[in-house]
Amino acid sequence: MKNTLKRVVSCVLVVCMVATILAVAGCGKSSEYGKTYTYKSYSSSLGNNWNPHTWETNADDTILGYLSTGFVDMSILDSENGVYQWVYEMATSIEDVTKDHKDDLTKYNVTFADGKNADNTDEGYVFEIKLNKDAKWQDGTKINADTYIYSMKALLDPAMKNYRSNLYWSGESAVAGGIDYYFAGDTAYLDNGANAAYAVADLTKDADGNYSTPDGNAIYVALDDPLDWCSGNALSTYVNAYGADYFGVEAYNSLREMADENGRVRLNDTSLDLITHVISDVAAWGENADNVPSYLVYEKVYPVVDYESTVGCYKVDDYTIRYVNQFAIELNYFLVSCTSTWLVYEDLYEAGKDTSGDLVTTNYGTSVETTMSYGPYKLESVQADKQIVFVQNENWYGYEEKGGVLVSYTNFKVDGEKRRQYQTNRIVIDVMDDAAAKQAFLKGELSDWSPDSDDLVTYSSSDQLYKVDETYTMSFFFHTNVDSLKAMDESKGNQNSVVLSNTDFRKAFSLAIDRADWVTATPGYKPAYAIMNNLYFYDVYNDPTSSYRSSDEAMQAVCNLYGVQYGAGTPYATLKDAYQSVNGYNLTEAKALMKQACDKLVADGLYKAGEEIKIRVAYKKGALDSADNKQMELMNKYINAAIEGSGFGKITLEAVGNITDRYGDTAKGEYAIGYGAWGGAAFYPFRNFRVYMDPDYVAIHEAGCWDPTVTKWTLKVKGEDVTMTCQDWSNSLTGNGAYANEDFSVKLSITAQLEENYLKLYYRIPLAGSTACSMLSYQCKYYTEDYNIMYGFGGLRLMSYAYDDAAWTEFVASQNGTLNYE
């Protein structure tokens with residue numbers, strides 16, 4: 001069970017981007033039984049601890065993923081339309097039974113939202129999980145409710161302090177009472193951001209000037225404690241990794257001198273000022289004083305308690321458990337947390353315990369001998385730092401034996417039929433570097449390979465290259481203040497960059513870019529014409545087809561932006577036809593706009609016709625590479641084609657690399673153009689425009705263009721004109737915003753109007769969506785060619801093969817041992 005949707009989505013992306021094997025899938029009819037299929041992957045290192053209670057690295061988690069199965073999983077329902085479905089695995093049903101078990105809310109001391117109590121709460125806390133009666137460990141031992149309760153008690157054992165227990169005593173899917181049992185008899189230092197979330201204004205100050213929580217507990221700046229805000233890492237980890245490029249190091253060093261042996265500094269006015277400087281002096285992540293509470297921990301003393309009366313995870317009958325959540329959570333989000341479990345095999349777990357230290361430990365899940373699988377695969381062998389091998393687990397509930405091999409079909413329908421699943425008999429992961437992996441892949445010895453940027457150029461047109469879309473949209477963003485542009489022309493190496501103050505110039509620049517051509521400079525990029533791409537969903541758990549980009553409102557916004565019409569007398573019969581025709585390129589209109597822009601700039605005395613224009617572009621934190629130079633070469637080609645006959649002189653755009661903070665530098669007026677991206681919030685697009693319009697939330701990249709706290713827009717809301725500042729509009733759909741509780745039609749309308757109005761300012765020009773790229777062997781086949789953020793390409797579950805192992809060996813030999821993927 002994971003504790004946040006963010007972790008699940010992050011894991012999905014990491015799997016697709018780094019460990020292709022977990023994201024590949026296959027299609028077509030299965031081969032006759034009796035043949036074997038081996039998937040061969042690689043990694044720079046192997047995990048060494050896949051105990052679900054203590055694993056630490058992605059490599060550890062990858063191993064655990066083969067050996068376990070969640071209560072539920074996501075799979076394909078309709079691949080043509082990108083529709084997913086929840087499917088049951090270790091559970092046969094999960095229901096919200098809060099209304100019928102309100103006594104659990106008080107017994108396990110759940111946390112209520114303001115105004116809520118047990119009497120007026122009917123959902124979101126108590127979940128009944130019916131267990132799969134066919135589930136077994138790899139040795140045939142049955143898994144029942146007692147297995148789950150033993151495992152949860154062991155996970156939260158205060159004598160062990162298991163590393164991954166924080167997934168269950170902290171966060172949005174924490175088990176009620178888990179934190180009290182985990183810290184029983186201890187003084188704990190709790191992550192403020194993940195628990196009480198006290199604001200500085202909530203704290204009290206004593207006579208010595210030290211702050212405490214409202215309950216009187218000491219509160220500290222945390223330098224070395226893992227923090228939810230830092231994705232489970234400590235602030236010190238980030239400061240050590242990124243230094244002065246991202247943090248106020250001088251202030252950090254002062255805090256370090258004040259810290260105790262655990263890296264904690266008592267919060268007072270001095271340390272509060274210092275931590276504020278640490279995170280905001282550079283502000284590379286747009287943080288300010290409002291983010292300080294996420295870097296605090298507070299002290300709490302916990303009494304000794306027992307599990308049964310404290311923790312809200314209990315047995316109902318042999319194959320039913322109830323899970324009481326500490327905080328209110330919607331069923332679909334609870335299901336996300338159920339995509340894994342906390343199970344361990346009691347005999348091996350207990351046999352591996354070591355009680356000689358301050359904490360009890362166990363060697364469970366560190367070798368073949370100390371591991372017990374309940375997933376579709378089990379460990380066959382592990383050679384440290386060399387190789388790990390998995391084979392099918394004959395006692396997994398989904399298999400039956402046919403023709404001497406284990407065969408399984410889905411217990412749900414995919415595209416209307418039950419499909420062969422887990423056709424892979426054997427998985428081999430070898431340790432090798434990227435260069436060795438490339439050679440092995442081309443010799444048919446690997447099933448997947450992740451090419452670097454140089455190799456992507458070679459394989460950019462390969463049918464075996466697969467691109468996984470990311471939410472990030474690469475864009476040019478501008479500084480358009482006339483006085484600042486004049487100053488840049490005088491002292492920042494620019495010449496006539498003042499032309500960027502003209503909206504027609506910036507619009508013409510956008511229309512001059514042949515995005516379909518431009519993305520060829522960087523294999524893996526896809527053309528982008530708007531802020532958000534197809535990965536954004538507004539009601540994904542209740543309506544898997546709820547793509548923001550495919551909504552009428554969002555499609556209309558793009559058509560309005562590019563002036564594309566549909567209906568009688570136009571080339572396009574429908575809105576969808578019109579939207580799909582958009583390519584962002586219109587050289588004829590770009591030339592006309594450039595002429596208008598030049599005439600206006602000359603008339604206003606800002607530009608002298610015919611003079612050359614040179615603009616330095618804040619392009620990259622690191623050094624420029626060949627792809628960057630090719631991108632800029634094409635940009636210069638496009639923009640100079642658009643100025644023909646306009647009156648403008650030659651334009652030279654110069655990419656600049658090795659810039660610590662290109663976002664901040666562009667906003668401050670060090671550069672007139674910056675290049676970068678925003679992304680994220682894929683399952684709630686309505687908050688997306690805060691990063692463009694709310695400087696109290698994040699440092700906006702276009703601060704050199706406008707002040708959204710002052711600029712007002714009038715939008716149509718339910719047929720009425722409503723006027724607000726842009727900042728207020730960006731917050732109107734989240735939290736306690738004016739329209740946060742409206743239905744989706746209202747939210748879609750407002751978001752689409754914000755997107756259209758913002759893009760029409762041309763303070764930011766969308767260019768391309770980023771992707772993660774991987775090569776797939778000819779031996780393997782995806783179930784679907786179309787990536788979906790919910791199920792990837794169908795997963796290892798649905799992977800099939802074009803060749804069995806014997807046929808693959810023959811095929812590779814027929815190619816003289818070298819395969820051509822170009």
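Helices (H or I, at least four residues) and strands (E, at least two) are DSSP runs, numbered from the N terminus. The structure is a predicted model, in which local features need pLDDT of at least 70 and side-chain atom pairs count only at pLDDT 80 or more, while totals for chains, interfaces and linings use all residues. Residues are numbered from 1 along each chain as its sequence is written, and side-chain values use heavy atoms, with hydrogens and water left out.

The pLDDT (the predictor's confidence in each residue, from 0 to 100) averages 92 over the protein chain, and 96% of the residues score at least 70. Over residues 1–31 the pLDDT stays under 50. For this stretch the model has 100 contacts (heavy atoms within 4.5 Å) beyond four places in sequence. Where pLDDT is low, the predicted coordinates should not be read in detail.

Salt bridges (a side-chain nitrogen of Lys or Arg within 4 Å of a carboxyl oxygen of Asp or Glu) number 36 in the structure. One of them joins the side chains of Lys315 and Asp146, with an N to O distance of 3.1 Å. Lys315 belongs to strand β12 (residues 313–317) and Asp146 to helix α4 (residues 145–155), so that the pair links distant parts of the chain, 169 residues apart.

Two residues other than glycine have a positive phi. Asn816, in the segment after α25 (805–814), has a phi near 60°. Lys161, in the loop between α4 and α5 (166–169), has a phi of about 50°. Most residues other than glycine have a negative phi.
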